[in-house]
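Please look over the sequence and the structure before reading on.

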Amino acid sequence: MNSIINTPEGTRDRLFAECRDRRKIQTTLTALFQTRGFAEISTPEVEFYDLFIRSGNPIPQESMLKIVDRSGKIMVMRPDCTTPIARVAATKLKAVPLPQRLYYNETVFRSGAAHKGGSSEIAQCGIELLGAGGQEADLEVLSLAVEALQKVSPNGCHIELGHAGLFKALTEELELEAAGAERLRRLIEGKHFAALSGLLEPYQDRRAYQLLSRLSSLFGGAEVLDEAEALVGPRPELIYLRELYQILDQAGYGSLVRFDLGLVHQIDYYTGVIFRGYAEGAGAPVLSGGRYDNLLGAFGRPAPAIGFAIDVDAVAACQPAPAQPGRLRIAMTKGRLQDKTVALLERVGLDCTPVKNPGRRLIHALPNYPLDAVLAKAPDVITYVEHGVCDLGVVGKDTILEQGSPFYEVLDLGFGACRFALAVREGSDFYGTYKTRRIATKYPNVARRFFEEKGMDVEIIKIEGSVELAPILDLADAIVDIVETGATLKENGLVPIEDVAPVSARLVVNTAAMKLKRKEILDFIAKCQQGLEEV
Ligand code: PRP
C-alpha cells in the first residue's frame with residue numbers, strides 16, 4: 001500500500017511555493033543565458049549506460065539509476081547533462097561550426113545512500129561552451145557563473161577557482177604511482193591537514209613537496225596565489241589563475257572571486273580551470289564547473305570545452321543569513337568523547353560549563369566564545385555537519401570510516417584512540433578453510449572494504465551491540481570491531497588476529513561553512529591545535 005501513497009526515496013512532490021521558487025530561479029537563469037547568446041538544448045532523461053562509461057565521466061556506477069530496456073540493454077536515468085550534450089555536439093550538431101553555446105534546464109538523477117536526506121532528482125540549470133579554449137573562453141564562462149550566482153543568491157555568494165593541472169604537475173614531479181597519487185588527492189580534497197604531512201614526509205627534499213603539503217590549506221583571497229608562488233615559484237597554472245583574477249577584478253567581480261588550490265575533485269576529467277560556487281545559507285556548493293577538453297574527443301569530435309551547472313533546488317533552499325553572524329555551531333559526540341572534547345576546549349580558555357551541566361537542553365551557548373555546542377550521537381554528528389546545520393563536529397574515525405566523509409576532516413584530536421580489529425575465537429583457524437566466512441560487525445562498510453581489499457568474499461552480518469556474542473553463539477566466524485583495552489575480547493575468549501584501521505577523534509568541518517565562515521573556523525581550528533600542543 002505504501003508504494004502507492006509514497007514517492008520513492010530521494011524523490012518528492014513539490015507544491016505551490018516550492019514550484020514557484022524553483023521556476024523563478026530557472027526563469028532568471030535561462031533569461032541570463034539567452035541574453036549571452038546561449039541556445040537551449042534538451043536531451044532524453046534516459047541514456048545508454050555505455051555513453052557514460054565511454055565518456056570517462058567520473059560518476060560512480062552505484063550512483064546511476066539503471067533500467068534494462070526490452071532488448072536487454074542497460075540504460076541509466078541521466079546522471080549529468082554535460083555528457084549527453086557532448087554526444088549531441090559530436091553527432092547531430094557535427095555540421096554546425098564551433099564554438100557552440102548551449103544551455104539546459106534539466107533534472108539529473110543520482111541514487112544516494114538511504115535515509116541521508118539527499119535528493120535523487122537534482123534540478124540543474126547550466127551552460128556549456130563547446131569548441132572554445134583559452135583565456136577568453138574561460139573568462140566568458142567564469143563571469144557568467146558569477147553573474148548567474150549573484151542573480152539567484154540574495155544572501156551573498158562567491159566562486160572559488162582552482163586548476164586541475166596544478167595537482168597533476170606536482171604529483172608527476174614526485175613520480176607517485178597511481179594509487180599513491182589517488183590517496184594524496186583524497187587527503188587534499190578532504191583537507192586532512194594532519195594525514196597529509198605524514199604521507200608526504202618522504203618527499204621533503206622535492207620542490208613540489210612545499211606546495212603539495214600546503215595545497216589543501218591554500219584557500220581564500222588572491223593572497224593564496226602569493227603564498228603558493230612563494231613556495232614553488234611562478235608556475236604556469238598559478239600565473240594563469242592570477243591573470244584570470246586580474247581581469248575578473250577589473251570587470252568588477254574581484255570581491256566575488258576566491259581560490260581553493262585544493263580543488264582536486266574529478267581530476268582526471270577536468271583539464272584546466274576548475275571552480276565551485278557558494279551561496280550564503282547553503283550547506284554545500286551550489287555551482288560546479290570547469291574546463292574539460294577531452295570529453296568531445298571521446299565522441300569523435302576533439303575540441304576544447306568548459307561549462308558549469310547550478311543546483312536550482314539548493315539555491316532555492318538557501319536560508320537568510322543568521323541573526324548572529326560569526327557564531328559557529330559544533331556537534332560533539334556524546335559520552336566518552338564529550339569529556340575529552342570539553343577538556344581540550346577548557347585548556348585553551350573556553351568556558352564549557354553549559355556543556356558539562358547540560359540538563360535536558362540540547363543546544364548550549366558558550367559564555368566566552370562565539371560557539372554553540374550540540375550534543376549528539378556519533379552518526380548524527382556526521383549528518384548535522386554534512387547538511388551544514390552544524391559548522392563543525394567532533395566524531396570518531398570509526399564512525400567516519402563507516403558513514404563516509406562528505407566534509408573536511410581537518411584535525412586528528414588524538415583522544416578516543418583505539419583500533420578496528422578482526423578477532424576470532426581463540427584457537428580457531430580463520431584463514432584455513434574454503435568456506436565463505438561469516439563476519440559479525442556493527443560496521444558493515446568498514447568490514448566489507450577490508451575484505452574487498454584482501455580479495456576475500458565474506459558474508460557480513462550487521463549486529464547492533466556486544467558483537468563479541470556472535471562468534472560465541474556460532475553465528476559468525478569472526479568479528480570486525482573496536483578494540484580499546486582488549487578486555488572485552490579477552491573475557492569472551494576471543495583474540496585479535498589482524499588490525500583493520502586505527503581510530504581516534506577527529507575535528508570535521510562542513511565544506512561550505514569552511515568557505516563562508518573561513519576566518520572564524522580557522523581561528524577555532526588554531527585554538528584546538530593549541531589545546532593539543534598544551535597536553
Ligand atoms: C566497544 C566495542 C567493544 C568494546 C571494546 O563497545 O564494541 O565491545 O567497546 O573495548 P575494550 O577493548 O576496552 O574492551 P561499547 O562499549 O561501545 O558497547 P557495545 O558493544 O554494546 O556497542
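In what order do the nine strands of the open sheet stand? The model, which is predicted, places them in the order β1-β5-β6-β12-β11-β10-β7-β9-β8, with mixed pairing. The edges are taken by β1 (39-40) and β8 (219-220); each has a single partner strand, so one side of each lacks a neighbour in the sheet. Within the sheet, β10 and strand β11 (residues 287-291) run antiparallel and are joined by four bridges. Here phenylalanine 275 lies opposite glycine 289 of β11.

**Helix α11**

Helix α11 spans residues 236-250, 15 residues in total, and reaches 21 Å from its first C-alpha to its last, close to the 21 Å expected at 1.5 Å a residue. Its buried residues are Glu237, Leu238, Tyr240, Leu241, Leu244, Tyr245 and Leu248. These residues lie on the same side of α11 because they cover an arc of only 160° around the axis. Pro236 and Gln250, on the other side of α11, are exposed.

The buried residues of α11 pack against several elements, among them the strands β7 (157-163), β9 (257-260) and β10 (273-279). They also pack against the helices α5 (134-152), α6 (164-174) and α10 (223-232). After α11 comes glycine 252, which has a positive phi near 95°.

Tyrosine 103 belongs to strand β5 (residues 100-109), and histidine 364 belongs to strand β14 (residues 363-365). The table gives the relative accessibility of each.

| Residue | Relative accessible area | State |
|---|---|---|
| Tyrosine 103 | 2% | buried |
| Histidine 364 | 3% | buried |

Both values fall under 20%, the cut-off for a buried residue, so tyrosine 103 and histidine 364 count as buried.

What surrounds tyrosine 103, leaving aside its neighbours within four places in sequence? Its contacts are Thr30, Phe33, Gln34, Phe38, Ala39, Glu40, Ile41, Gly126 and Ile127. With glutamate 40, the side chain of tyrosine 103 makes a polar contact of 3.4 Å to the glutamate side chain. Valine 152 is 49 residues from tyrosine 103 in sequence, and their C-alpha atoms are 17 Å apart in space.

For histidine 364, with neighbours within four places in sequence again left aside, the contacts are Pro354, Val355, Pro358, Leu371, Asp372, Ala373 and Leu375. The side chain of histidine 364 also reaches the backbone oxygen of arginine 361, at 3.1 Å.

Technical notes
Residues are numbered from 1 along each chain as its sequence is written. This is a predicted model: local features need pLDDT of at least 70, side-chain atom pairs count only at pLDDT 80 or more; totals for chains, interfaces and linings use all residues. Side-chain values use heavy atoms; hydrogens and water are left out. Helices (H or I, at least four residues) and strands (E, at least two) are DSSP runs, numbered from the N terminus. The expected span of a helix is 1.5 Å times one less than its number of residues. Buried means under 20% relative accessible area, exposed over 50%, partly exposed in between (1.4 Å probe, protein chains only). The arc is that of the directions from the helix axis to the C-beta atoms. Contact means heavy atoms within 4.5 Å. Two strands pair if DSSP finds at least two bridges between them. A polar contact is a pair of N or O atoms within 3.5 Å; within protein, one must be able to donate a hydrogen and the other to accept it, and residues adjacent in sequence count only if both atoms are side-chain atoms.
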